[in-house]
Amino acid sequence: MSLAVPRSAAKFVAGLLLALGLAACSAPGPQFTILSGSENDVLAPMVQEFCASRQATCTVRYQGSLDIALALKPGGDPDADAVWPAASIWIDMYDTARRVKSVKSIAQMPVILGVRRSEAQALGWIGAKVKTKDILGAVESGKLRFLMTSATQSNSGAAAYLAMLAAGIGKPDLIESGDLDKPEVLATVRGLLRGVQRSSGSSGWLADLYREGERTGAKYDAMWNYEAVIKETNDKLIANHQEPLYAIYPEDGVSVGDSPLGFVDRGRGKEVEAFFNDLQAFLLKNETQARIAATGRRVELGRAAPLKADPATNLDPGRPLTVVRPPEPAVIQKALALYQEALRRPSLTALCLDVSGSMQGNGESQLLDAMRFLFTPARTREVLVQWSREDQIIVLPFSDHVLWTATAGGDDAAQADLLGKTLKLRADGGTDFYTCAARALAAMKPFLDREQHLPAIVIMTDGKSQGAMSTFEMPWRSDGHRVPVFGVTFGDSADRSQLDNLATLTGGRVFDGTKSLTQAFRAVRGYN
Amino acid sequence: MAISRRAFGIGLLAASAAGTGGYVYLRQHPEIAGRFGEPKRLFGFAGGEKEGFLANARVRSVLERRFGLILDARRAGSVEMVRERTLLDQKPQFLWPSSSVLVDVARSSGVKISRDQVIFNSPIVLYSWDRIADGLVKAGFAEPAGGPRYTVDLLKVLKAIIAGESWEAIGVSGLFGRARVVSTDPNKSNSGFMFAGLTASLLSGDVIALDSLGKIDGDVATVFRRMGYKPPSSGKLFDDYIAGGAGAQPMIVGYENQLIEWVLQDADRWKRVEANAPSKPVILYPKPTAFSAHPLISVDRSADELIDALISESLLELAWEEHGFRGPLGTIGKARNSLLQSRLIERIDAVLPIPDAPVMLALLDRLSTA
């Protein structure tokens, strides 16, 4: 008897040593890259936790659903081992060679309208059954404006747009091809989209913009976003003692993203695929699903209990929903083209292009390439960032002064004309983008006063600006804070901090154009 | 010990004969071959509904250890895998669609078939939710079949859909819009393909033939147009149904085995669903229905032995016990699971054959241009 304890202890120690030995001997996991929608950033720590347990190096790269989808087209290269867009329809529409396998939904994310609570109160929506036509009514009477991502660049925007389109058609259960030819439907939807106050290419960034608006005083009314992102936003707003968003689930139907995680077979072997399968199983096991449900996401039947309903914000992931059936892919394509070319609020975009001396050589040729892309309708149409007839484009090349200003509409001939002028540019001289931005604002003024357009100033630069920010800030403030400034950096010597300051001041964003100026300009197009 | 040259020569000859004989024997007996040497890797496409079976560790282990086979099976729609060049150009060694008609379609797409054989059978069913099924029963569209299982008068449901009736009108309250049944894309996946055949036959009053297609193709197209987006694979549609719930997916077309597989994957989850879920999944057996056969097509001779492996008793029993696939003749296996017994109908008598390949292809053409 007296020997029993030491013997079992010895067994335990031996077992422990064996386990430790095995763990030490087990090979580190693979380098693994996931291409994901920005709405999944809250779940990324769970992915990293799994990767750490396997000693694997995991990289999550965030892109919009359309970008992920385009990378899956035959001939495209997603440069990733897994894709995790917001909805599987994007995979199905573009991955025609079926390179993505083992697709499973990780969570369900309805796209709903979050309305500032006091605004919802004023609209009589607290505790009420709200239909999409009520939202339309509020927009038409000028009582409601909202933030929404670009329908052609981001899934949440596409989902909100398709739900509005279906409601506009008057039979919210389904959009069919012929519906998109009816003038009255187009008029209704155009009316709804007039409510777009700001747009973006990313749902996560849009939520940040909403909160930033509380700080800067922009104070937006509402935003279309995923139920879970509205919850995350509310958590932060409430922590800062700011007013939360009240969740509106349109009674006649919402769109739902199914957050599919799928494996991209790049021939990296069995181990990488087995790693993916284990990662997916980890995310789908009950314990992880319970943690995912705690973020406000809806999870599969029987996996975990949904978050409790919150009467103050009306958020209720357990609430049954009527779901708008996604239309056929051909109808979606047609609807998205229609959005970009005819229905969205037209954009008013001023492009400040740096042609200072430091841009000579590679910089100059990359800039001209980017302009060829931006003003060639066939190329922009491929990635759904084409200009529409109603858009206004202002080009202002600058060095230490603005070389010239050209204003044009978005039709094909006007674009060709702008391109012709731009291609003659040659780099020379110093850098002053503050003056360029101020001149851009002045040139935009007549259009701004009509309040038809969604404005943006885009500054592309490779250097540090001379002059002072106040050159732009003062006129921007006296204009009423209406125009956000976006930056596109190029080259190693670009001083990002100056652009960051402008973007923070105005509610814009800075994009890195070092790898590809064309890609950066394309991304900016999703923001106005 | 020294060996004479003669003895060495005889030994060498004997070893070589044994080697050759062994090689020939093993080639003819793949179930033994697996125990020796390198396993053979086979690449091919399989319908999404078989993904769970193919990923099952026990199935993979039997295939590898007993038969020496490792499969790289990618999910693809049953119809697209036998027609789409982008898939066929990847040179799959086997195709595992879900309907016998698709063997003919594969042949007519120029696929060289080494061997084909039906492995499993599974009836086409509708998946819905208890509260919706109760509504359908009250309105006379469905009948309970003892326990939470139902038969549904599919023709009556189809006619209501074609007439544009609302959910409310067919007895289902709380859902907006018009009634619909959603299947997979019939041009890509078999459950949609078979549902198109079944719909056409039901609407025409008999197994549809080429000369009667013109009378009902418009109505079949209406049923499919009402579906909106149709996923390309049955596995994905079923996942959407489970994940989306009654509001998102009130009624879908699927294979009987899909719910069985889902329940068996995690029995505790199923018990939780039965105890707590606001609405519970139910199977509606269409009357009549069609059986989906799952024929394995070996394109490359090296995949012939996969057929023998899959129809071995051990794998067929595993297929029923863990994944709910009925055997080649439509009969269920030996195992009985108490979780499911009250939900399945063991004998299905009212069965319509699927129209033959030329009729089905003509129907698909009309649906894709509708």
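Start by selecting chain B, which is divided into domain 1 (20–120 + 293–323) and domain 2 (123–292 + 341–369); these bounds come from an automatic or database domain assignment. This is a predicted model, in which local features need pLDDT of at least 70, side-chain atom pairs count only at pLDDT 80 or more, and totals for chains, interfaces and linings use all residues. Residues are numbered from 1 along each chain as its sequence is written, while chains are lettered from A and ligands numbered from 1 in the order in which they are written.

Colour the two domains of chain B separately: their C-alpha centres lie 28 Å apart. Next, select the boundary, where 22 residues of domain 1 of chain B are in contact with 27 residues of domain 2 of chain B (C-beta atoms, placed from the backbone, within 7 Å). On the domain 1 side, the elements supplying at least two residues each include helix H3 (51–55), strand E9 (291–298) and helix H16 (313–323) of chain B. Helices (H or I, at least four residues) and strands (E, at least two) are DSSP runs, numbered from the N terminus. H7(B) gives the largest share of that side, five residues.

Now move to chain A and select helix H7 (residues 155–169) and helix H8 (residues 183–193), whose axes come within 9 Å and cross at roughly 135°. Axes are lines fitted to C-alpha atoms, for helices over the stretch in contact, with angles from 0 to 180 degrees between N-to-C directions. Show A:Met164, A:Leu165, A:Gly168 and A:Ile169 of H7(A), then A:Val185, A:Thr188, A:Val189 and A:Leu192 of H8(A), which make the contact.

Methods
Two residues are in contact if their C-beta atoms, placed from the backbone, lie within 7 Å.
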